Amino acid sequence: MTDEERARQEARTRSKLLEGLARAERKLFTRNAPKSSRARMKFLRTREKGSTRRLAERLGVSRRTVERHLSGASTKPNKHLDAALERETESEWQPQVKARARERAASSSGLVISFDATLGFTANGSSDDERVRTLQIAVSPSHADKILAVRDTDATDKELHDAVAEAISECYFQLPGGGAAHLKVRFTDVQRLDIRF
């Protein structure tokens, strides 16, 4: 595999992981996040301390676009703006609920990661050879903490991919005292990835 192919694969894995974490966090909400573009704009404007200029920069649109949605003159955002509004609203919605879940995951409960992906290492014909697997794995609180910390610091695709691959492989292959601890496990071709707090 070339470096370019590897980078594309890591970017796809990062995207699936971020989507999986966002879905997991949405399930924690005790109240629904705002749905209309106007309600989302109003909510996000409060997070930007009333600044339509900062909100426009955050969403990647003009200040006039923000003002039109806030006034109700525009009600149907384009695809880019709609995705940005959803993403940014959910990232700010119920921060205390998400913080408590993150603290629980990092200190006691860990995360459950389920996926369809290629996982394994070259083991000369053993069941540990690299192959497509459908698994659900409970990762430890320390691995959960690392994955969430890497996500929260806007790390590179490779860093996020490596944190998830390490957590999955250690929990699945590298049991304490096992002989696989020195082997590099590959986690590639991610087709589905879901996460549960």
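How many aromatic pairs does a search of the whole structure find? In this predicted model, the search finds 2. A pair of aromatic rings is described by the distance of the centres and the angle of the planes.

Phe-43 belongs to helix 2 (residues 37–47). Trp-93 sits in the loop between helix 5 (79–92) and helix 6 (95–109). The two residues are 50 apart in the chain, and their pair links distant parts of it. Phe-43 and Trp-93 are both buried.

Phe-115 and Phe-187 also form a pair. This pair is edge-to-face because the planes stand at 85 degrees, over 60; the centres lie 5.2 Å apart. Phe-115 is in strand 1 and Phe-187 in strand 3, 72 residues apart, so distant parts of the chain are again linked. Phe-115 is buried, at 0% relative accessible area. Phe-187 is buried too, at 2%.

Strands 1 and 3 run antiparallel and are joined by 8 bridges. Strand 1 covers residues 111–120. Within it, Asp-116 has Arg-192 of strand 3 as its bridge partner.

The sheet is open and has 3 strands, in the order 2-1-3, with antiparallel pairing. Strand 2 (131–139) and strand 3 (186–196) are the edge strands, each pairing on one side only. Neighbouring strands are turned by 20 degrees against each other on average, direction ignored. Helix 8 (residues 157–172) packs on this sheet and touches strand 1, strand 2 and strand 3. The direction of helix 8 makes about 85 degrees with that of strand 2.

Technical notes
Residues numbered from 1 in each chain as written. Predicted model: local features only at pLDDT ≥ 70, side-chain atom pairs only at ≥ 80, totals over all residues. Heavy atoms only, no water. Pairing = 2+ DSSP bridges. Helix = DSSP H or I, 4+ residues; strand = E, 2+ residues; numbered from the N terminus. Axes fitted to C-alpha atoms, helices over the stretch in contact; angles between N-to-C directions. Contact = heavy atoms within 4.5 Å. Phe/Tyr/Trp six-rings, centres within 6.5 Å; stacked < 30°, edge-to-face > 60°. Buried < 20%, exposed > 50% of the residue type's maximum accessible area, 1.4 Å probe, protein only.
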